[in-house]
Structures are given as C-alpha cells and as structure tokens.
Amino acid sequence: MSRVLPNLRYTREHEWLLVEGGRGRVGITDYAQESLGDVVYVELPGVGDKVVQGEPFGVVESVKAASDLYAPVSGVVVEVNEALKESPELVNRDPYGEGWMILVEMADEGELEKLLTAEEYEKLLAGEGE
Amino acid sequence: MPEKTPLYEEHLKLGAKMIDFSGYLLPVQYTSIIEEHLAVRERAGVFDISHMGEILVEGEGAGPALNRLLTNDLELLFPGRAQYTIMTYGHGGTVDDLIAYRVAASAYLLVVNAANIRKDYAHLRQHLPPGVAVRDLSAGYAGIALQGPRSREHVKTVLGEEVAGLPPFGFTFAPYGGDEVLVSRTGYTGEDGFEVYGPPGAVRDLFRAFVRQGVVPCGLGARDTLRFEAGLPLYGHELGEDITPVEAGLDPFIKLEKDFLGRQVLLAQKEQGTGRRLVGLRLKEKGVARQGYAVWSGEKQVGFVTTGNYAPYLKGYFALALVDTPYHRERVLAVEVRGKRLEAEVLPKNFLKFFRRGGI
C-alpha cells in the first residue's frame with residue numbers, strides 16, 4: 001500500500017505539492033516512485049524557469065521507462081533539488097522528503113483549488129487498483 | 001489471456017510485480033531491478049525462463065538438414081554440447097537467435113525466444129525435409145536460469161559436483177526429485193551460470209531450493225539490464241527480420257565456409273561491408289537513451305539506438321546502436337535524447353568485459 005500524506009495536495013499524474021507560504025514544493029508520490037521502479041535520472045528545469053499548471057516541467061527516468069513530470073501549479077522555479085543529479089535514487093528512498101524536485105514561487109494560489117486533497121488522491125489510487 | 005508459468009504462485013509469494021511478456025505472466029521485478037542486477041554480478045540470482053520455447057528436431061539426417069538453416073556449424077557439436085546460433089532467411093534477415101543442444105546423435109533441442117516460437121516452428125517445418133521431425137515441446141517445459149559468480153556452489157549443493165563441473169556450453173541430463181532435468185552451463189547475463197529445463201514440478205522445486213539457499217529471485221527487468229550491460233543481443237532490438245547477424249556484429253557465430261540459407265547475403269556483407277553496424281555507446285552526460293532514438297555524427301543522422309539504459313553495475317548511461325558505415329568507426333557520436341544531443345563515446349559492445357579488463 002502506497003503512502004499518502006494528509007498535509008499535501010496532489011495531481012492526477014501523481015505529483016505532490018507542499019504549500020510553504022507563497023511557495024510550493026513539488027515531488028512525485030510514493031505510488032509514482034513504486035510504479036516507476038529504480039529511478040536513474042531526473043531532468044529538471046533551472047532556477048528562474050517558468051512552469052505552468054498541468055504542463056510538463058521535467059522527466060523522470062527509471063530503468064523501466066521515462067515519465068513526464070507535470071507542474072501542480074504555475075509559477076517560477078526558485079530552487080531545484082541538486083542532490084538528485086548525483087543521487088536520483090532519493091526519489092525512491094524518500095519521495096516526500098529528500099526526493100523533492102522543485103520549489104515554485106506560486107503565481108496564483110487560486111490554482112490550488114484544482115488539486116486533489118489527500119482523501120481524493122487516495123480514492124484515485126483505489127481506482128487504479130492500489 | 002496471458003499464460004501463467006509453473007512458477008507463477010512462487011512469484012506472487014515472493015512479492016513480485018508481474019507483467020505480460022510475449023503472452024506469459026512473468027515477474028518484472030521482486031524488489032528492485034538494480035538490486036537484482038547487482039546480486040547477479042556479485043553473488044547469484046535465479047530467473048524464471050519458462051517462457052522460452054523448446055523445439056525438438058530429430059530423425060535421420062536432422063543434423064545436416066538443420067545445419068543448412070543456421071549460421072553456426074552444428075557439425076562442431078558433439079552430444080552433450082550446446083551452441084549459440086542464428087537462424088536466417090534467404091535475404092539474410094534474422095528469424096531468431098537460439099541455443100542448439102545436441103541431445104542425441106541425430107536429435108537437437110532448440111531453445112528459442114518466446115515471441116518467436118510459432119514463427120520458428122513454421123520456418124523449420126517449411127525448410128526441413130519430411131523425414132525430419134519437428135516438435136514444439138514448449139508447453140511441457142519449465143525453465144530457470146541460475147546466474148552469477150556463486151552459481152557453481154549452489155548447483156554443487158543442489159545437483160552435485162558433476163553437474164557443477166560442466167564446461168561452458170556443456171550440458172547433461174541430471175536426476176532431480178524422481179524426474180530428469182536438462183542442465184547447461186549457459187546464460188544471458190555475462191556471468192557464469194546455469195540454465196535448467198525440465199518438467200514443471202522438478203523445475204519449481206529447484207527454484208525453491210535455490211531461493212532457500214539465499215539465491216536472489218530476479219525478474220525480467222534485471223534480465224534485460226544484465227544482457228544489455230554485457231552487450232548480448234535481444235531479438236526485436238539488436239536482431240530482427242530486417243537486421244542481419246553481420247550487421248549485429250555476431251561474426252564469431254557465422255560460419256561462412258558451410259552452406260546455409262542466407263549465406264550469400266551474409267558473405268557479400270562480410271566481403272563488401274554492411275551498410276551499418278552495431279556499436280556500443282557510453283553517454284558522456286547523464287541521460288537515458290531509449291530504443292529508436294536518433295544517433296548523429298555532426299549534422300547527419302547516422303543511425304538509431306536499439307537498446308539504451310542505465311547500466312547498474314557500471315554505473316553509467318550506455319546504449320547499443322545500429323550506425324551507418326563508416327561512421328561506426330568514429331570515436332564520438334551523439335544521441336538525441338528528447339531534443340537534446342548528448343555526446344557519446346563509441347565502445348565495444350560488451351561494456352562489462354571492457355570495464356573488467358580495465359577499459360573504462
């Protein structure tokens with residue numbers, strides 16, 4: 001059973017968002033890392049790049065497959081998890097912690113309404129056979 | 001509906017993630033592809049290979065007739081020996097690559113790729129004389145592969161010293177649990193190892209016995225990364241109906257001094273050069289090249305990736321690619337990964353051997 005944290009917001013594509021004031025920290029969920037298997041490369045935008053809600057902002061590659069990463073919110077990237085360059089396996093080991101990917105200065109907090117709550121995300125997983 | 005192998009229940013008990021592979025439900029991984037990969041390189045791992053096809057060709061004249069359909073030379077095989085060989089069409093393209101076991105003076109067991117069983121059977125039936133029997137025994141055979149530097153010890157414990165002492169590509173029929181299994185010193189990982197084929201019950205018991213001894217169960221994910229790291233071809237990637245074994249660089253297994261279907265084309269390719277050749281690539285930057293990605297030399301597209309991945313033991317990003325001649329001789333090419341061209345060093349295909357000899 002994959003872990004879902006109550007304090008996060010989620011996308012249907014299995015990204016999570018942690019609201020930290022006007023910023024949002026982004027990563028992929030435990031379910032996502034489990035489905036992907038061993039992560040061997042993560043391609044992320046640079047600091048200062050813009051991301052748009054619902055659009056790809058990077059790619060996560062596992063031994064099995066490549067998978068696009070979708071931005072949970074729009075905004076400007078203010079920080080990137082540099083540790084993933086050398087240690088992409090952090091995404092598997094600690095998807096909600098050390099495996100975070102980008103920190104975004106949110107452009108429109110109203111967009112949060114479009115994200116799933118933990119409860120809704122759990123339902124989505126139940127539908128996917130989790 | 002995909003078929004379950006005789007080891008299906010074992011896989012579920014071991015917590016495997018199952019997938020449909022060529023019509024068979026098989027584990028892609030149990031815990032992690034990388035962990036399983038490293039277990040085989042450093043210790044020992046065991047794979048379910050029950051999906052592989054087993055076709056028996058026997059009868060008077062079976063040897064010479066079959067030899068006319070295969071690139072390697074069956075005459076070099078005395079009973080008790082197996083060989084890697086390739087079955088080609090008249091146009092030189094590949095029907096399948098397989099292991100041929102000479103199980104009796106005039107009987108050969110061919111172990112073929114799961115996806116090609118029917119096609120191979122039809123091809124053999126079509127080209128062999130009526131006096132030679134061709135029988136598809138796949139449904140009655142289960143199979144496992146025990147691979148890794150410690151396989152020998154495990155085989156010794158479970159099957160005895162004699163079996164453990166088989167030479168490379170040697171095989172024997174060993175008694176086990178009231179049945180008989182075929183054991184060979186073969187594999188598909190670049191490591192020492194054994195493959196076992198036989199009745200489902202006996203093979204299942206053997207699988208259990210190896211796992212009880214601490215051998216790591218390994219899935220198809222690791223099977224693929226292991227063979228890739230060792231530069232071993234996979235049908236559908238490095239070989240296919242439109243890829244000849246000469247293009248794939250399998251020259252040691254092509255005996256042009258004997259006659260076989262497709263020989264003229266392979267001989268011409270060998271003498272005049274092929275239009276393209278399989279090469280090994282090591283990406284200088286991080287990124288995963290996947291099958292079909294374009295390979296560039298300057299502003300010219302000169303080929304495409306047949307397999308690419310992260311190599312867990314070598315801890316780098318590698319690819320196998322079919323590259324137009326003469327660009328295959330260049331030292332550096334580029335692989336296009338999602339719109340970005342990443343520089344890649346051209347290397348021998350067997351990355352593992354190259355590395356172990358101190359090349360990287």
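How many helices and strands does chain A have? Chain A has 4 helices and 9 strands, both taken as DSSP runs numbered from the N terminus (helices H or I, at least four residues; strands E, at least two). This is a predicted model, in which local features need pLDDT of at least 70, side-chain atom pairs count only at pLDDT 80 or more, and totals for chains, interfaces and linings use all residues. Residues are numbered from 1 along each chain as its sequence is written.

**Chain A**
- Along the sequence, the pattern of chain A is β-β-β-α-β-β-β-β-β-α-α-β-α.
- The C-alpha atoms of chain A fill a box of roughly 35 × 35 × 20 Å along the principal axes.
- Of its 130 residues, 52% count as buried, meaning under 20% relative accessible area (1.4 Å probe, protein chains only).

**Where chain A meets chain B**
- Chain A gives 16 residues to the contact, and chain B gives 16 residues; contact means heavy atoms within 4.5 Å.
- The two chains bury about 1400 Å² between them, 46% of it on carbon and sulfur atoms. Buried area is the accessible area (1.4 Å probe) lost on being put together, summed over both parts.

**Salt bridges**
- There are 4 salt bridges between chain A and chain B, each a side-chain nitrogen of Lys or Arg within 4 Å of a carboxyl oxygen of Asp or Glu.
- Lys286(B) and Glu86(A) form a salt bridge through their side chains, at 3.3 Å from N to O.
- On the side of chain A that touches chain B, helix H1 (30-36), strand S4 (39-43), strand S6 (56-62) and helix H2 (83-86) each give two or more residues.

Terms used: Chains are lettered from A and ligands numbered from 1 in the order in which they are written. Side-chain values use heavy atoms; hydrogens and water are left out. Buried means under 20% relative accessible area, exposed over 50%, partly exposed in between (1.4 Å probe, protein chains only).
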